[in-house]
Amino acid sequence: MSGDHIYSVLGEEHGGDTRWAFGTGFTDALSGVDTTLPGGVDGQDLALYCQMLGDDALVQAQRLVHWVTDAPELEEEVALANIALDLLGQARLLLARAGQADGTGRDEDDFAYRRGSAEFRNVRLAEAPRGDFARAVVTLLVLSSARLAVFTRLADSRDPVLAAIAAKAVNELAYHREYALSWTLRLGDGTPYSHERTVAAVADLWPFTGELFATHPVEARMAAQGVGADPADVREEVHAVLTQVLTTATLDAPAPFPEAAVAGREGRHTPELDPLLDELQKVAREHPEATW
Amino acid sequence: MVTTARDRAREEARERARSAAAAVTDPELPMLTLADLGILRRVEAGPDGTATVWITPTYSGCPALTEMRVDVDRAVRAAGFDRVEVRTELSPPWTTDWITDEGRRKLAEHGISPPGTAPPRAAGPVPLTLLPTRTVPRCPLCGSDRTEELSRFGATSCKSLHRCRSCLEPFEHVKEI
């Protein structure tokens with residue numbers, strides 16, 4: 001180690017072919033973690049539940065990546081890319097857990113690259129078109145607030161793997177929500193134009209919010225067993241958070257979340273998901289034997 | 001307590017494996033070793049050439065973790081172990097409070113502001129804070145406390161971006177988590 005500055009140190013050669021992460025054979029995100037199922041828990045249910053939470057993160061991450069090279073400021077590009085990376089990390093762990101829990105041994109790549117859109121279990125807000133920056137900010141505010149509320153509960157899950165993933169994710173999600181709320185305040189309480197665009201974003205996205213709090217039977221069973229969290233239980237808490245942020249941003253207090261049926265959790269999606277997956281899965285489809 | 005030759009050999013092997021793993025550096029923050037970062041959880045090893053190392057990820061999506069696992073594997077093999085396993089330990093989650101004093105000193109020495117104390121984890125919902133409450137870091141270059149945040153997210157997930165209003169230099173800060 002030499003040099004006074006980080007950049008000179010970064011430039012030093014570590015040496016060896018294993019310098020880079022890819023192609024090293026270490027592909028299992030949960031390597032060495034004790035993955036025994038807790039007593040009485042149905043592996044199929046737990047696997048589906050992990051897919052729901054993992055797919056929310058994976059699809060949202062893929063949407064956020066669309067801001068790379070296209071954000072209003074370099075700082076925002078870096079922030080959105082970092083948030084996407086955190087979510088991708090959460091998705092990898094959750095999808096790896098899903099493949100162990102259902103006994104199929106599928107890995108994270110099988111879930112990410114080798115499923116069709118009807119097998120994705122994410123809520124539809126995660127796949128909604130990215131739109132303008134105000135829309136990206138409001139989407140992130142809603143999704144991070146809801147996910148933070150659910151994951152705070154999951155940190156006490158009876159499944160030790162899910163509990164550990166959630167405990168870690170809570171710290172990350174708190175930063176995501178903080179980022180989204182700081183921009184909501186700046187845009188809402190900014191110029192008349194930024195205010196107007198933020199009002200439009202809230203109006204456009206609000207119809208999708210109800211689904212976040214609709215309970216799928218798997219979520220209900222997982223919650224009853226002390227493994228999962230019932231999204232209906234966080235409905236009021238999340239609404240209170242959004243009301244506080246939006247009113248502080250000089251926007252109208254939000255309408256109640258609409259009543260909605262489960263849709264994305266059952267694999268029923270908007271037409272936006274297929275093109276998103278075409279992009280995500282392009283390399284894996286064209287080169288089925290590729291490893292990375 | 002009776003210490004046998006076998007115990008001593010096991011202890012020697014464990015220490016040899018531990019030193020090798022502890023000296024591996026973070027590819028993103030190469031001035032820090034895994035020991036400085038506090039991500040090396042424990043090491044078991046035997047005179048028969050087996051070694052198991054437990055490390056913990058910093059952020060869920062940290063791309064450096066895979067590389068660190070490869071580097072640990074290589075370093076422990078080079079220390080004379082031919083059956084090496086690097087395991088992930090997820091719980092309890094890593095916090096910047098585990099960065100050692102030595103690690104903090106090295107960060108500051110390389111122009112990166114070390115983290116303050118991580119916010120306490122209370123039970124129940126994470127409170128909503130509408131005003132910036134995170135600590136204002138001191139400029140690691142001139143020591144001034146007149147600094148401002150440029151971006152909550154820096155070049156890597158673990159850092160935010162700041163600027164010193166005294167010496168005008170930008171700098172990175174390891175976020176409290």
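This is a predicted model: local features need pLDDT of at least 70, side-chain atom pairs count only at pLDDT 80 or more; totals for chains, interfaces and linings use all residues.
How many residues of chain B are in contact with residues of chain A, and how many of chain A are involved?

1. **Extent of the interface.** On the chain B side, 35 residues are in contact with chain A, and on the chain A side the contacts involve 47 residues. Three elements of chain B, namely helix 3 (64-78), strand 3 (83-88) and strand 5, each contribute at least two residues to the side that touches chain A. Helix 3 of chain B provides the largest share of that side, with five residues.

2. **Composition of the chain B side.** Sorted by residue class, the side of chain B that touches chain A comprises 19 nonpolar residues, 10 polar residues and six charged residues.

3. **The sheet in chain B.** Chain B contains an open sheet of four strands, in the order 4-7-6-5 and with mixed pairing. Its edges are formed by strand 4 (112-113) and strand 5 (147-151) of chain B; each has a single partner strand, so one side of each is left without a neighbour in the sheet.

4. Strand 4 of chain B runs parallel to strand 7 (residues 170-174) of chain B, and two bridges join them. Within this part of the sheet, B:Ser113 is placed opposite B:His173, a residue of strand 7 of chain B.

5. **Architecture of chain A.** Chain A has 10 helices and zero strands; read from the N terminus, its elements follow the pattern α-α-α-α-α-α-α-α-α-α. Of the 292 residues in chain A, 48% are buried. Among the contacts in chain A with a separation of 6 or more, 75% are between residues 24 or more positions apart.

6. **A:Arg177 as a local example.** This residue belongs to helix 6 (residues 160-188) of chain A. Is A:Arg177 buried or exposed? A:Arg177 counts as buried because it has 25 C-beta neighbours inside 10 Å, where the cut-off for a buried residue is 20 or more. Leaving aside residues up to four places away in sequence, A:Arg177 touches A:Leu141, A:Ser144, A:Ser145 and A:Leu148. A:Val150 lies 27 residues from A:Arg177 along the chain, and the C-alpha atoms of the two are separated by 13 Å.

Conventions:
Residues are numbered from 1 along each chain as its sequence is written. Chains are lettered from A and ligands numbered from 1 in the order in which they are written. A residue is buried if 20 or more other C-beta atoms lie within 10 Å of its own, exposed if 12 or fewer, and partly exposed in between; C-beta atoms are placed from the backbone. Two residues are in contact if their C-beta atoms, placed from the backbone, lie within 7 Å. Two strands pair if DSSP finds at least two bridges between them. Ala, Val, Leu, Ile, Met, Phe, Trp, Tyr, Cys and Pro count as nonpolar, Asp, Glu, Lys and Arg as charged, and the others, Gly among them, as polar.
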